Amino acid sequence: MDTRTKNVSLEDLQRIVGAEHAREATPEDAVDGVEPAFVAEPGSVEETSELLRLASGEGLTVAPRGGGTKMALGNPPRELDLILSTTRMNEVIEYVPGDQVVRVQAGLRLQELQDLLAGSDQMLGVDPPEEGATIGGVVAANSTGPRRYRYGTIRDLIIGIKIVLSDGTVAKAGGKVVKNVAGYDLSKLFTGSLGTLGVIAECNFRLHPKPETGRTVAVELSSPAAANGAAQAILHSQLVPSAVELHWREDVRLLTVLIEGIEPSVEAQVETASHLLGGFGEVRELTEEEAGTLGPLAPPGAADEVAIKISTPPAELAGVLSSVLGTTERGGVTAQTTAHAGNGVAYVGLSGGEEEARVQIVEELREIWTRRGGSVVVREAPVTFKERVEVWGPLGSRLELSRRVKEKFDPRGTLNPGRFVGGI
Amino acid sequence: MEHDRLVRTMEAILGPEGVISEREQLRSYECDGLMNYRVIPELVVLPETAEHVQQIVKLCYDEGIPFVARGSGTGLSGGALPVESGVLIVLSRMRKILEVDIPNQRVVVEPGVLNMWVTNEVAEHGYYYAPDPASQLISSIGGNLAENSGGVHCLKYGFTTNHVMGAEIVLPDGTMVNVGGGKAPDAPGYELLGAFVGSEGTLGIATKITLRIVRKPESVRTLLAAFKDTEEAGGAVSGIIGAGIVPAAIEMMDSLCIEAVETAVHPGFPQAGAILIVELDGPKAEVESQFEQTVRICEENNASEIRIAEDDTERALFWKGRKASFAAMGRISNDYYVQDSVVPRTELGKVLKRISEIGEEHGMRVANVFHAGDGNLHPLVLYDNNVPGEAERAEDVAGEIVLTCLEHGGSLTGEHGIGVDKKKYMPKMFATEDLDTFQLLRCAFDPHQICNPGKVLPTPRLCGERPGPFRMHPVQKAGLAENF
């Protein structure tokens with residue numbers, strides 16, 4: 001069997017990362033049906049740099065991979081030769097609790113980091129739902145969770161980054177202090193760039209104290225208008241919730257408010273929240289278990305399911321829900337919606353019905369919400385669906401500039417070609 | 001382009017009242033808040049609309065003329081310093097608040113709108129705009145965006161970059177793009193907005209900016225505590241942060257700074273080696289409980305006096321003293337040189353000690369006022385410009401302080417920016433590869449490097465992507481770079 005791909009052999013990769021850390025790819029390594037030739041797991045920034053230099057020099061295309069939880073995000077790759085797995089680079093480089101700052105390698109699992117930080121009553125203020133996600137993956141995919149209402153997204157928490165460009169250049173930006181305006185903020189540029197600009201090797205974050213305790217208040221909703229009313233009532237109050245979530249599916253119609261902090265404050269805020277929500281339906285407190293099972297949107301189960309993300313101004317919540325309910329009902333498709341209701345982000349899982357119907361629903365929603373200043377992104381879908389619907393949607397005036405940025409950072413198109421916006 | 005023709009072309013776009021070309025008038029724009037650097041621009045233009053800005057920039061692009069954008073000119077790193085043969089685009093006539101959207105907690109403004117106006121506009125709805133640089137009465141949102149301004153409350157609420165949600169920008173080639181989602185979050189594609197905010201005017205000009213506004217907290221409590229020295233005050237800071245409290249602000253002033261402020265604005269501060277101002281805000285029950293804890297921690301760290309602001313007037317007096325610190329230096333020294341370096345909080349004690357040693361070694365006085373919560377120092381090196389050699393010595397002292405901060409894992413600047421002032425130190429903080437990578441971003445936005453050239457990066461490099469016959473680069477023409 002010929003193991004050379006574009007003049008690179010498995011041995012060439014093994015020479016860089018060691019024999020046990022490079023292998024031929026298996027069908028499980030495919031990205032949207034595109035099977036790579038090799039998988040390599042560098043153990044250091046230097047090895048990552050050497051791998052990329054070899055790959056770009058020989059014209060290999062590379063997909064960086066962390067926990068592999070977000071490989072379904074993006075368009076199918078135009079081509080793919082090598083998966084560069086970061087999971088061996090999983091060390092905490094520096095953690096001084098008194099500084100509330102941590103420096104980690106990108107392949108570290110988020111959960112492992114959170115476990116470590118919890119020992120000092122601290123946390124990184126992101127809570128994406130994917131299990132097994134690595135830090136680098138969370139940054140590259142800009143994964144968020146319910147607590148973004150209070151702590152912002154990873155772009156608000158990242159304070160420094162080390163990256164490896166496709167020509168092997170190792171560069172850093174930012175630093176390990178929270179307040180820092182020296183140089184360009186490449187940490188933010190790389191947030192959400194889906195591995196198309198370079199491989200994220202290390203990240204530095206600001207941390208927050210871990211709340212002492214938390215409770216969840218929920219209101220049963222009768223209509224999309226009630227959902228918006230309840231969310232607005234919380235948004236414009238002086239409460240400081242950690243999360244304001246909407247759950248809307250066949251059996252559940254709830255707006256939940258997570259209050260965290262010190263005991264007396266949580267108690268007082270729960271009381272105020274209950275009072276505010278009372279005007280929109282029946283209010284009850286959720287047990288920890290119940291709140292846990294509601295969770296952020298579970299990934300779609302069946303293989304033909306489609307998951308989309310609708311971003312809109314937060315006060316459009318009723319409109320978002322109505323548009324989802326209207327289009328899915330007409331199309332004979334079942335919708336499950338979980339929204340970060342205070343932020344204007346809704347995740348909708350579409351199941352059942354014909355693919356044609358799901359295509360139409362997504363296109364219709366995209367047409368509505370793009371026109372109103374938002375966006376609709378396909379988060380997960382079968383390849384047949386992605387062949388019919390571009391996953392990112394229109395980019396407007398930003399496309400040309402985005403292409404120029406890509407062109408500068410990865411001129412040969414080595415990294416994740418085709419998967420990002422506008423076919424970048 | 002020859003001068004008279006440039007003036008006529010600009011006048012055709014802006015009308016004669018929008019163009020300043022008289023040398024005496026140009027002089028008022030020769031520097032920003034950092035007065036050590038002065039350059040008279042060839043021309044000042046005062047656009048009133050985004051289309052004006054676009055036309056001006058397009059003209060500059062076509063003619064290879066470098067340009068610099070300027071807001072209120074309060075910057076402290078020379079970011080808005082003009083370029084000699086270039087155009088200075090002053091945005092102070094673009095001062096409209098375009099939209100207030102309370103349901104979505106957004107305000108849309110033109111770049112010349114002053115920081116404080118945003119809060120004034122939304123205060124009646126119980127909202128405010130959180131970033132509060134000391135210059136907030138006069139600095140503009142466009143300038144804040146360019147510099148990623150901080151302020152005393154950014155420890156808890158974040159910096160400008162955490163509050164700008166979208167911007168319409170004119171790129172250096174005159175095209176207009178919208179970056180960031182604006183009212184909707186998570187716009188697909190690269191985080192171009194995050195890269196643009198804090199780029200010190202080198203990537204383009206923002207002509208419309210969408211800001212996030214924040215609900216006023218239910219409760220605010222402020223205390224002022226006096227300590228024997230900065231070390232004991234630093235102990236209290238560590239204690240507060242270590243207790244899991246996130247104060248809205250923790251500011252420290254040393255004895256020299258207290259003396260200056262007392263002379264200048266008479267806030268009635270206690271005589272002490274160091275003062276802390278600590279502010280907590282948020283839900284009442286949380287603030288009450290954590291405020292008691294904060295008082296206790298100050299006592300445990302031997303505070304000699306603790307004053308608690310009983311109302312907004314007393315709170316304002318504490319802050320008046322703090323915010324007047326820079327200006328007050330004039331009372332105890334003819335001139336001062338301010339730095340803006342940052343150190344990890346746990347290194348504060350060691351660094352402060354070293355700063356005082358550096359001052360002694362050079363026989364210079366150094367006053368310290370700083371954001372203790374995030375380790376952002378503002379050492380003020382006092383000197384007298386009339387004494388020959390003192391200005392140079394002050395700069396040496398400031399330079400040593402900066403390097404000390406870097407040795408302790410810190411940064412050159414927390415909020416003032418690199419501008420022209422600190423670019424020579426950039427290679428001390430960043431490797432060549434880092435700086436080259438910054439340059440990639442700059443070239444993607446500004447391939448001809450005509451947008452605020454000579455700022456941020458220590459050695460302007462050419463983007464080198466124009467094959468063909470040699471043509472003098474505008475940056476070279478302006479004498480800002482040599483080809484290599």
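View 1. Just after α8(B), B:Gly244 takes a positive phi of about 80°. This is a predicted model, in which local features need pLDDT of at least 70, side-chain atom pairs count only at pLDDT 80 or more, and totals for chains, interfaces and linings use all residues. Residues are numbered from 1 along each chain as its sequence is written, chains are lettered from A in the order in which they are written, and side-chain values use heavy atoms, with hydrogens and water left out. Helices here are DSSP runs (H or I, at least four residues), as are strands (E, at least two), numbered from the N terminus. Buried residues of α8(B), with under 20% relative accessible area (1.4 Å probe, protein chains only), include B:Glu232, B:Ala236 and B:Ile240. The buried residues of this helix pack against β12 (219-227), β13 (249-254), β14 (274-282) and α10 of chain B.

**View 2. The interface of chain B and chain A.** Here 83 residues of chain B are in contact (heavy atoms within 4.5 Å) with 73 residues of chain A. Together the two chains bury about 6,300 Å², 59% of it on carbon and sulfur atoms; buried area is the accessible area (1.4 Å probe) that two parts lose on being put together, summed over both. B:Asp186, B:Pro188 and B:Tyr190 supply 13% of the area that chain B buries against chain A, more than any other three residues.

**View 3. A salt bridge between the chains.** The side chains of B:Glu415 and A:Lys179 meet in a salt bridge at 3.0 Å, N to O. The term asks for a side-chain nitrogen of Lys or Arg within 4 Å of a carboxyl oxygen of Asp or Glu, and the count between chain B and chain A is six.

Technical notes. Buried < 20%, exposed > 50% of the residue type's maximum accessible area, 1.4 Å probe, protein only.
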